[in-house]
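Here are my notes on the model, point by point. Please read them with the structure open.

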Amino acid sequence: MMRLPPFTYLAPRTAADAARLVAEHGPEAMLVAGGTDLYPNMKRRQFEPRILVALGGIRELGGVSGSARDGLRIGPLTTLTAVSRHREIVRHYPALATAAGLVSSPQLRNVGTIGGNVCVDTRCNYYNQSQPWRKAIGFCMKKDGDICLVAPSSSRCWAVSSSDTAPALWSLGARVRLAGPSGERTVPIAALYRDDGIEYLAKRADEIVTEIVLPPADGWRSTYLKLRRRGAFDFPILGVAAALRLEGDVVREARVVLGAVASLPREAPKAAAVLVGQRLTNETIEAAADAAAGPARPLDNTDLTHPYRKKVTRVYVARALARLAGFDHGPVLAEIA
Ligand SMILES: Cc1cc2nc3c(=O)[nH]c(=O)nc-3n(C[C@H](O)[C@H](O)[C@H](O)COP(=O)(O)OP(=O)(O)OC[C@H]3O[C@@H](n4cnc5c(N)ncnc54)[C@H](O)[C@@H]3O)c2cc1C
Ligand code: SF4
């Protein structure tokens, strides 16, 4: 059995106190929300904080407020179950409700939070292993070593962004509010991520996600598709979030964002450009799917083979767009079947 190492647990009552405590204790401290990712990582010694600053008792970080007409504010402590069932989110931001409802298993969704999900660690077959396993094969640069075992000549880590809600929130144009000892700022969720498997977040370690803000739904349609090995629960091998705003039957705005294909969610602007100004026909959907597969460059460090993961990106993008168009199937889908 893997056991947690000893640590000190601090339970502040305000976000400002939590940020101050993390800043005070520096690299020895980490934030914990639901702990569904952090505690297993501590058991495997991927994380070795001596101090945990718990967010669970901070009331200001909970709850959902606002409306689809004016925009929604989601507290980062909102559980994934609550996000997946929230009436306004289900109705007006379905990509997010779907993505939250596909994370892991019901038990983990009841405890895991949306704040933890947008900040969740990147993953790699050589890293998400027990400490003895990693020691036996030789540690890699993400923890305790100095080379990348997937791409040994690379100077960077290619661990994969594996959050389900991050691409969905990105496609919906969400923003995140960050609070730290040096003040508060609100940034587009796209600006929260860096293309680096180790330093995958662009926020400072002492900054807390205090709010996730969704813009007015304003006629946007959205959806999220997830590829995983086990339907019951598994991290994404591919996530496709697609959001479109139509006027009549013409696409006026579009966002397609891929998850689990790089160290950060990867937007596919060329796919959006193909769609804007067009009607959603089989031909435009197929052209957009071709364009979306371009930014997906998976490496051989997660489940299934990377050529398959690249190929299936096109199929999932086509399926997502076909769903938004209300089609049962399209040419790309028929080709795969
Ligand atoms: C078996 C298993 C399967 C899983 N499957 C999936 C899956 O399919 N999809 C998926 O996306 N995830 C999956 N997860 C990971 C995890 O359960 C979820 O990502 C969950 O949403 C994490 O939320 P949490 O509140 O438990 O975060 P925690 O584990 O508490 O924290 C995760 C990270 O976020 C940071 N953090 C948390 N809250 C904040 C905040 N407000 N501000 C700043 N930093 C913060 C923590 O410091 C930590 O680095 C799985 C985990 C397990 C164990
Ligand atoms: S991509 Fe390379 S450095 Fe990063 S976790 Fe995997 S093996 Fe380690």
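1. Conventions. Helices (H or I, at least four residues) and strands (E, at least two) are DSSP runs, numbered from the N terminus. This is a predicted model, in which local features need pLDDT of at least 70 and side-chain atom pairs count only at pLDDT 80 or more, while totals for chains, interfaces and linings use all residues. Side-chain values use heavy atoms, without hydrogens and water; residues are numbered from 1 along each chain as its sequence is written, and chains are lettered from A and ligands numbered from 1 in the order in which they are written.

2. Asp 144. This residue sits in the loop between helix H8 (131-137) and helix H9 (165-171). Most residues other than glycine have a negative phi. Asp 144 is partly exposed, at 48% relative accessibility. The classes are: buried under 20% relative accessible area, exposed over 50%, partly exposed in between (1.4 Å probe, protein chains only).

3. Asp 218. Here is another positive phi in a residue that is not a glycine, about 45 degrees. Asp 218 belongs to the loop between E8 and E9. It counts as exposed, at 56% relative accessibility.

4. Ligand 1, the shell. Which residues come nearest to ligand 1? They are Leu 31, Thr 36, Thr 113, Asn 117 and Asp 164, out of 33 residues around it. A residue is near if one of its heavy atoms lies within 4 Å. By class, the shell holds 17 nonpolar, 11 polar and 5 charged residues. Nonpolar here means Ala, Val, Leu, Ile, Met, Phe, Trp, Tyr, Cys and Pro; charged means Asp, Glu, Lys and Arg; the others, Gly among them, are polar. Strand E2 (29-32), helix H7 (114-118) and strand E8 (208-214) each supply at least two shell residues.

5. Ligand 1, the polar pairs. A polar contact is a pair of N or O atoms within 3.5 Å; within protein, one must be able to donate a hydrogen and the other to accept it, and residues adjacent in sequence count only if both atoms are side-chain atoms. A ligand oxygen is 3.0 Å from a polar backbone atom of Ser 104. For Ser 162, again a polar backbone atom, the distance to a ligand oxygen is 3.2 Å. A ligand nitrogen is 2.7 Å from an N or O atom in the side chain of Asp 164. Taken alone, ligand 1 exposes 970 Å², and the protein buries 92% of that. Accessible areas come from the Shrake-Rupley method with a 1.4 Å probe; for residues, only the protein chains shown count as cover.

6. The E9 sheet. Four strands form an open, antiparallel sheet in the order E9-E10-E11-E12. E9 and strand E12 (266-267) stand at the edges with a single partner strand each, so one side of each has no neighbour in the sheet. Strands pair if DSSP finds at least two bridges between them. E9 and strand E10 (residues 238-247) are joined by 8 bridges. Arg 221 stands opposite Leu 244, and Ser 222 has Ala 243 as its bridge partner. In E9 (residues 220-227), 7 of the 8 residues are buried, so the strand is largely enclosed by the rest of the structure.

7. Cysteines. The whole structure has 0 disulfides (cysteine sulfur pairs within 2.5 Å). For Cys 119, the nearest cysteine sulfur is that of Cys 157, 17 Å away. Cys 119 is buried, with a relative accessible area of 19%. Cys 148 is buried too, at 7%.
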